[in-house]
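The following paragraphs lead through one protein model, from its overall make-up to individual side-chain pairs. Please keep the structure in view while reading.

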Amino acid sequence: MITATETQTPLLDHVDMRMVAANGDEILDRNAIVKLDPDHPGFRDKEYRARRNAIAQIAMTYKPGSPIPAAPYTAEEHGVWQTIWKALGPAHREHACAEYFECLDKLAFDTDRIPQLDEVSRKVEAISGFRLEPVAGLVEPRVFLESLARGVFLSTQYIRHHSTPLYTPEPDVAHEIIGHAVTLASKQFAELNRLFGEAVRRTSSTTELDRLARVYWFTIEFGVLRENGQIKAYGTGLLSSAGELAEMHKAELRPLDLEVAVDLAYDPTHFQSFLFCAESFDAMYETLREFLIRW
Ligand SMILES: [Fe+2]
């Protein structure tokens, strides 16, 4: 059952970075240690916080290109992964696009245990050339987006607190794997992610970077498309949240017009009130590809 707290589902994500720093100072480093807010579900759980720090250390000492050390997940945390999949299985069957299922098949996850990033990264790399690198928490949008140009997805490694298995206030390994890593096993999605990175590299102004980040949000994170007359999700923020998928059909659908999307504000703290809908997977791919090449 999904409780009231769990249905809030405000996912602050890569492109709407909320920096959290060890000492409260602004940190621009990609390996900043995470400090939990007092309202974070794990704030009072010493063990969880210690594990979060241990996992953050993995990212801080990680050397790009080397194997990603395994995170020390507990039985309780593997239980969170199981709960997430129990909720997502039926939600995916109803709302996920066909391309997503193809990718899911290719990666063949164990729904009982949180897979380690290294194992997921190897599988994805063999398919699309994309690999994962661990980060301690949210990173600057520019750092996150530019790394996509190198075929690198900067991924968190911790999992949300066990008290709220269907809710996370920040991107965790479930969002990264179930949303991003799965879609990166699609050659087309991998190409679009790379093109985002390349477009960001060509963008020096902060205002223009914000505009590009909005397009990332409205497509890669929260995009939907038509498939056999039905609305299906391809956005990772939708596909990794049973709550978002259940609420998706309440959102106002707008035609996928990226010239409009670049200037629209979005609210990361609530279910999305409107979504951009492509006429088909191919239409989404072509529209976004052309937009990013032209940028
Ligand atoms: Fe995301």
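A residue is called buried when its relative accessible area is under 20%, exposed when that value is over 50%, and partly exposed in between. In this predicted model, Trp-81 has a relative accessibility of 0% and therefore counts as buried. Trp-85, at 10%, is likewise under the 20% limit and so is buried.

Twelve helices and six strands make up its secondary structure elements, and 57% of the 295 residues are buried. Among contacts with a separation of 6 or more, 67% join residues 24 or more positions apart. The accessible surface is about 12,300 Å², and carbon and sulfur atoms contribute 51% of that area.

The largest nonpolar core contains 88 residues, and Phe-196 and Leu-288 have the most contacts inside it. Helix H8 (residues 206–221) supplies the largest share of this core, eight residues. Leaving aside residues up to four places away in sequence, Phe-196 touches Leu-288 itself, and its other partners include Leu-148, Leu-212, Val-215, Tyr-216 and Leu-292.

Tyr-234 lies in the loop between strand E4 (230–233) and helix H9 (236–239). Beyond residues up to four places away in sequence, its contacts include Cys-97, Thr-183, Phe-189, Phe-218, Leu-239 and Met-284. The C-alpha atoms of Tyr-234 and Ala-96 are separated by 6.6 Å, although the two residues are 138 apart along the chain.

Aromatic pairs number 16 in the whole structure. One of them joins Trp-217 and Tyr-266: the ring centres are 4.1 Å apart and the planes lie at 10 degrees, so this pair is stacked. It links distant parts of the chain, since Trp-217 belongs to helix H8 and Tyr-266 to the loop between helix H11 (258–261) and strand E6 (274–278), 49 residues apart. Trp-217 has 0% relative accessibility and is therefore buried. Ring pairs join Trp-217 and Tyr-266 with Phe-218, Phe-222, Phe-274 and Phe-276 in a cluster. Within that cluster, Phe-274 also has Arg-254 over its face, at 3.9 Å from the ring centre. Elsewhere, the charged end of Arg-52 sits over the ring of Tyr-158, 3.5 Å from its centre.

The search for salt bridges finds 15 in the whole structure. Lys-123 and Glu-119 form one of these, with 3.9 Å between the closest N and O atoms; the two are four residues apart in helix H4 (residues 117–128), and so about one helical turn separates them. Glu-146 and Arg-142 also meet in a salt bridge, at 3.4 Å from N to O, and are four residues apart in helix H5 (residues 141–149).

Arg-289 and Glu-191 form a salt bridge in which the closest N and O atoms are 2.8 Å apart. Because Arg-289 lies in helix H12 (residues 281–294) and Glu-191 in helix H7 (residues 187–201), this pair ties together parts that are 98 residues apart in sequence. Arg-289 is partly exposed at 29% relative accessibility, and Glu-191 is partly exposed at 26%. Finally, Glu-208, Arg-211 and Asp-263 are linked in a network of salt bridges.

Technical notes: Residues are numbered from 1 along each chain as its sequence is written. This is a predicted model: local features need pLDDT of at least 70, side-chain atom pairs count only at pLDDT 80 or more; totals for chains, interfaces and linings use all residues. Side-chain values use heavy atoms; hydrogens and water are left out. Buried means under 20% relative accessible area, exposed over 50%, partly exposed in between (1.4 Å probe, protein chains only). Contact means heavy atoms within 4.5 Å. Accessible areas come from the Shrake-Rupley method with a 1.4 Å probe; for residues, only the protein chains shown count as cover. A nonpolar core is a set of buried Ala, Val, Leu, Ile, Met, Phe, Trp, Tyr and Cys residues joined through side-chain atoms within 4.5 Å. Rings of Phe, Tyr and Trp (its six-membered ring) pair if their centres lie within 6.5 Å; planes under 30 degrees apart count as stacked, over 60 as edge-to-face and the rest as tilted. A charge sits over a ring if NZ of Lys or CZ of Arg is within 6 Å of the ring centre and within 35 degrees of the ring normal. A salt bridge is a side-chain nitrogen of Lys or Arg within 4 Å of a carboxyl oxygen of Asp or Glu.
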